[in-house]
Amino acid sequence: MDYEFHWNIVFQNMPELLNGAFVTLHVSVLAMFLGVVIAILLAIAKMNNSKPFCYVATVWVEVARNTPALFQIYMAYFGLGAFGIHLSPYVAVLSALVFINAGYLTETFRGGFQSIPATQYSASKSLGMTSIQAYRYIILPQMLRRIYHPMTNQFVWSILMSSLGILVGMSELSGTTQRLQSLSFRTLEFFIVAAVMYFVITKLVLFTSSLLARRLFKGEI
Amino acid sequence: MNSLFTPLSWSDSGLILTGIWNTIIISVVAIVVGTVLGLIVGFLRAESNKAVNVLFGSVLDVLRSVPLIIQLILFSTFVGAMGNPLAPFVAGSIVLSLYTMAFMSEVFRSGFESVSPSMQIAARSLGMTKWQTIYHIRLPIGLRAVFPSWLGVSLSVIKDSALVSVIGYMELLRTSEQLISRTQQPLEILIGVGIFYFIISYPLSHYGRYVERKMAI
């Protein structure tokens with residue numbers, strides 16, 4: 001082994017790497033939030049029988065689930081150029097992640113909602129609850145319990161997939177790493193540190209999520 | 001004057017077909033190798049005691065918690081720095097196979113654990129040897145239970161194979177990217193690429209869901 005590791009340059013650039021990690025978290029949180037909002041709308045559209053909305057939702061879900069994430073990012077970055085829409089790398093990656101998150105979460109939400117028997121709604125009505133109360137106290141808490149883990153996984157997946165920003169020149173963790181290593185040629189060192197940072201971020205997210213779950217569901221999950 | 005860019009023509013179909021072929025071949029290699037390794041590791045994890053399990057689990061965890069693209073770059077730079085650079089196809093296949101293995105082993109482990117211990121005891125009491133129990137009872141029952149999950153992981157590997165382009169492997173998305181930079185017709189090319197992935201993935205994912213529904217009843 002005749003490769004000498006030089007870690008100094010990596011530590012000198014640590015602030016920039018941390019900044020990149022922050023952008024990674026930033027874009028994933030935003031993608032998750034917007035994805036959830038759109039997914040709720042799409043799930044409602046899919047469960048309603050109004051044809052045009054249901055059709056749009058189905059196409060959205062199937063395209064998001066059956067094409068690669070990189071394809072979506074290229075589509076947002078290069079493809080929309082044909083319509084005169086030029087997105088910055090950040091917006092391109094964000095919109096691709098939102099598109100995919102919404103597609104996957106729609107099915108999660110729909111499955112979670114349908115897993116709760118309709119009789120529970122009737123039962124709560126017969127106990128004198130209003131519709132809103134029935135959803136607020138009976139349906140939604142149970143649903144949240146079932147979709148919590150899939151949602152956490154989707155969030156972790158967003159963090160990992162935001163690394164594709166490297167291919168369109170976005171300055172999140174991977175993109176920053178790529179730029180810094182091209183300045184110093186310490187490719188191995190920089191990418192090892194980036195890998196460790198991704199690992200730590202993922203573990204922190206999973207840890208926080210399980211703490212939150214314990215508080216939210218009091219252990220019954 | 002616009003001679004720098006040439007429009008898409010039929011002579012490009014060879015390049016596109018090469019890209020399609022490369023995508024298919026690396027996906028097949030990764031799925032086959034990943035399935036075989038995942039089967040072995042999954043079985044060992046279902047069999048072994050807690051300490052071994054934790055050790056295996058933490059190694060596999062790293063493969064699942066670091067983005068594939070970083071793994072690809074790290075691996076190909078690493079073997080390059082060690083003095084024996086690998087061809088993009090070889091390096092890509094190795095990383096993608098190991099990545100697949102990490103997911104497959106989890107799938108198979110849950111499959112093996114879904115076969116109830118009493119069924120194995122029953123098989124042993126009928127005079128089957130340990131290997132006969134594995135071969136005739138645990139494998140068929142465990143594997144059938146996880147077929148939909150296996151299909152799901154395989155489909156995601158086909159989609160993730162697009163990332164091998166980062167180390168210079170000429171798969172479909174990379175060839176299309178090169179065509180885009182020459183022709184400046186991103187939309188037509190990308191939609192074609194999207195349709196290719198879609199017609200592979202869509203029927204299979206529906207078949208997986210169909211099997212899952214059928215087994216649930």
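Predicted model: local features only at pLDDT ≥ 70, side-chain atom pairs only at ≥ 80, totals over all residues.
Residues 51-74 of chain B are 92% helix and 0% strand, with end C-alpha atoms 29 Å apart. According to the unreviewed UniProt entry, the feature "transmembrane region" is placed at residues 20-44, 51-74, 86-104, 145-169 and 189-205 of chain B. One of these spans, residues 20-44, is 100% helix and 0% strand, and its end C-alpha atoms lie 36 Å apart.

A wider annotation takes in these residues as well. In the unreviewed UniProt entry, "domain: ABC transmembrane type-1" covers residues 20-208 of chain B. Over residues 20-208 the chain is 84% helix and 0% strand, while the end C-alpha atoms are 23 Å apart.

The next step is to consider chain B as a whole. Along the principal axes, the C-alpha atoms of chain B fill a box of roughly 85 × 45 × 25 Å. Buried residues account for 38% of the 217 residues in chain B. Which part of the contacts in chain B with a separation of 6 or more joins residues 24 or more positions apart? Such pairs make up 80% of those contacts.

Attention now turns to the place where the two chains touch. Here 33 residues of chain A are in contact with 29 residues of chain B. On the side of chain A that touches chain B, the elements giving two or more residues are α3 (51-66), α4 (69-77) and α9 (187-217) of chain A. Among these, α9(A) gives the most, with 10 residues. By residue type, this side of chain A divides into 21 nonpolar, eight polar and four charged residues.

The largest nonpolar core has 98 residues, of which A:L70, A:I73 and A:V93 touch the most other members. Helix α5 (residues 89-114) of chain A supplies the largest share of this core, 12 residues. What does A:I73 contact, leaving aside its neighbours within four places in sequence? The residues in contact with A:I73 are A:A92, A:V93, A:A96, A:L164 and A:V168. One of these partners, A:V93, is itself among the core residues that touch the most other members.

Conventions:
Residues numbered from 1 in each chain as written. Chains lettered and ligands numbered in written order. UniProt positions renumbered as here; feature names shortened; annotations may be inferred. Helix = DSSP H or I, 4+ residues; strand = E, 2+ residues; numbered from the N terminus. Buried ≥ 20, exposed ≤ 12 C-beta atoms within 10 Å, placed from the backbone. Contact = placed C-beta atoms within 7 Å. Nonpolar A, V, L, I, M, F, W, Y, C, P; charged D, E, K, R; others polar. Core = buried A, V, L, I, M, F, W, Y, C linked by C-beta atoms within 7 Å.
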